[in-house]
Amino acid sequence: MAKLGHEVVGIDVDVRKIEELSAARAPFYEPGLEDLLREVQETGRLSFTTDLAAAAGSAVHFICVGTPQKKGENGADMTYVDAAATGLLPYLSPNDVVVGKSTVPVGTASRLAELLQAEQPDAHLVWNPEFLREGHAVADTLHPDRFVYGVSDGSEDHPAVAVLDEVYSSPLASGTPRLVTDHPTAELVKTAANSFLATKISFINAMAEVCEAAGADVTQLADAIGMDDRIGRKFLNAGIGFGGGCLPKDIRAFMARAGELGADQALTFLREVDAINMRRRSRVVELTRDLCNGSLLGKRVTVLGAAFKPESDDVRDSPALSIAAQLQLQGAVVTVSDPKALSNAARRFPELNYEADTSAAAEGADALLLLTEWQEYRDLDPYALMELVSAPRILDGRNVLDAAKWRSAGWNYRGLGRP
Ligand code: UGA
């Protein structure tokens, strides 16, 4: 926002984050974010504080807090959204626009709009879902695919539409389309999009299971069906499945919300999407046992990748770490390596061993597992690595290595859903 020319104040309850951000340091790894912070810091248009009163005087207020999965339940924990919204109320002026970016159960916007009406009848609430991907957050924010504005009457003429158009004038001018909808449609666009993406991944992982049984190759299958542009090749990479702070909890929260609305039958397929996804993790444990001649006991297993995806240090619901923990539980001695996510991983799974250096991590390994496809792992040299390991066995959990090359270097290579 500051880069686009606006005066911005960022507010958070976490003192440490605010201190880091004030010093133009990103409190997590996201490519390009620190450069951007430094660039805008010089303009003086961006500041950070823990004081909610700093919201007073702003014309537009974005609510961007998380909606994690509730402990022991499928639904979304709305504590942070509710706290941000109610905390903001005393600082609102007439005609202010409050913009919801968080991924929420459908019905939240209408509930918050009522709250807003009671306190500040002339302010407006827009639901404006966020579609950025971790690892591509800066580019996705500056060049989004689309904007969706959910307003109370679903009308282009709603006064908040012009306000948001002004906020986003730069990407809109470069052709980003925007849709105006009512509140529930805007909320559902986000959950439907993430559910579709999750379904695509589980679909191809289900095909991987069939390919394995039939001796077929899921990567070629994905290439071939993806050439039909009604299907598309993106998000058809079979492997260890999806993780992170979004897709897994969003499909669960969506099922829970549909249940509350009496529409649970419509989403029973998402239960299967979740089940296929979780099954990938046990499949990798099984395959690793096979690779290690039928027993994991005392075997040294090196896991390459801890983050839920490359270019991120986020380990929330990371399939790689979940697999590493299961292997260790079954008697393997697991060492995890990752270019960025090791400290986050060690906080969550202190029982695992960690080694930042790939070669040191691979030293003496009975099996290597490539579970997060960082570029440096894609570029690994099978000949050099051969000298380090105790047995040349590799399981390519993301199907990103050249199987023929690894095999001709003498490795026992296993992909997922590939012969
Ligand atoms: C996801 C959506 O892609 C964003 O559009 C959305 O804004 C975001 O959630 C959110 O709700 O905030 P993100 O969680 O950053 O973004 O990650 P994705 O790129 O969607 O990847 C999710 C998981 O799927 C990763 O574990 C990735 O490895 C896995 N994946 C992705 C596959 O296993 N196969 C694929 O073909 C693609």
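Residues are numbered from 1 along each chain as its sequence is written. Because the model is predicted, local features need pLDDT of at least 70 and side-chain atom pairs count only at pLDDT 80 or more, while totals for chains, interfaces and linings use all residues.

The C-alpha atoms of the protein chain fill a box of roughly 70 × 50 × 40 Å along the principal axes. A compact globule of 419 residues would have a radius of gyration near 22 Å, and the protein chain, with 23 Å, agrees with this. That radius is taken over C-alpha atoms, and the globule rule is 2.2 Å times the number of residues to the power 0.38. The secondary structure comes to 17 helices and 13 strands. Helices (H or I, at least four residues) and strands (E, at least two) are DSSP runs numbered from the N terminus. Of the 419 residues, 41% are buried. A residue counts as buried if 20 or more other C-beta atoms lie within 10 Å of its own, as exposed if there are 12 or fewer, and as partly exposed in between, with C-beta atoms placed from the backbone. Among contacts between residues at least 6 apart in sequence, 70% join residues at least 24 apart. Two residues are in contact if their C-beta atoms, placed from the backbone, lie within 7 Å.

The protein chain is divided into domain 1 (8-189) and domain 2 (218-419), with bounds that come from an automatic or database domain assignment. The centres of domain 1 and domain 2, taken over C-alpha atoms, are 33 Å apart. Their contact takes 13 residues from domain 1 and 15 residues from domain 2. On the side of domain 1 that touches domain 2, seven residues are nonpolar, five polar and one charged. In this division Ala, Val, Leu, Ile, Met, Phe, Trp, Tyr, Cys and Pro count as nonpolar, Asp, Glu, Lys and Arg as charged, and the others, Gly among them, as polar.

The ligand is surrounded by 21 residues, of which the closest are Glu 134, Asn 237, Phe 242, Gly 244 and Cys 246. A residue is near a molecule or strand if its C-beta atom, placed from the backbone, lies within 6 Å of it. Each of domain 1 and domain 2 gives at least three residues to this shell. Helix H8 (residues 183-214) supplies the largest share, three residues. By class, the shell has ten nonpolar, seven polar and four charged residues.

Helix H8 also holds Met 207. Met 207 is partly exposed, because 18 other C-beta atoms lie within 10 Å. Leaving aside residues up to four places away in sequence, Met 207 touches Val 218, Leu 221, Ala 238 and Gly 417. Asp 217 is ten residues from Met 207 in sequence and 9.4 Å from Met 207 in space, C-alpha to C-alpha.

Next comes a sheet. Six strands form an open sheet in the order E10-E9-E8-E11-E12-E13, with parallel pairing. Strand E10 (353-354) and strand E13 (412-414) each have a single partner strand, so one side of each is left without a neighbour in the sheet. Two strands pair if DSSP finds at least two bridges between them.

Within this sheet, strand E8 (residues 300-304) has five of its five residues buried. Arg 300, Thr 302 and Leu 304 lie on one side of E8, and Val 301 and Val 303 on the other. E8 pairs with strand E9 (residues 333-337) in the parallel sense over five bridges, and Val 301 stands opposite Val 334 in E9.

Strand E12 (residues 393-396) is covered on both sides as well: Arg 393 and Leu 395 point one way, Ile 394 and Asp 396 the other, and all are buried. Strand E11 (residues 367-370) pairs with E12 in the parallel sense over three bridges, and Leu 369 stands opposite Leu 395. Three bridges also join E12 to E13, running parallel; here the partner of Arg 393 is Asn 412.

Helix H12 (residues 319-329) has eight of its eleven residues buried, among them Pro 319, Leu 321, Ile 323 and Leu 327. Their cover includes helix H11 (268-291), E8, E9 and helix H13 (342-348). After H12 comes Gly 331, whose phi is positive, near 105 degrees.
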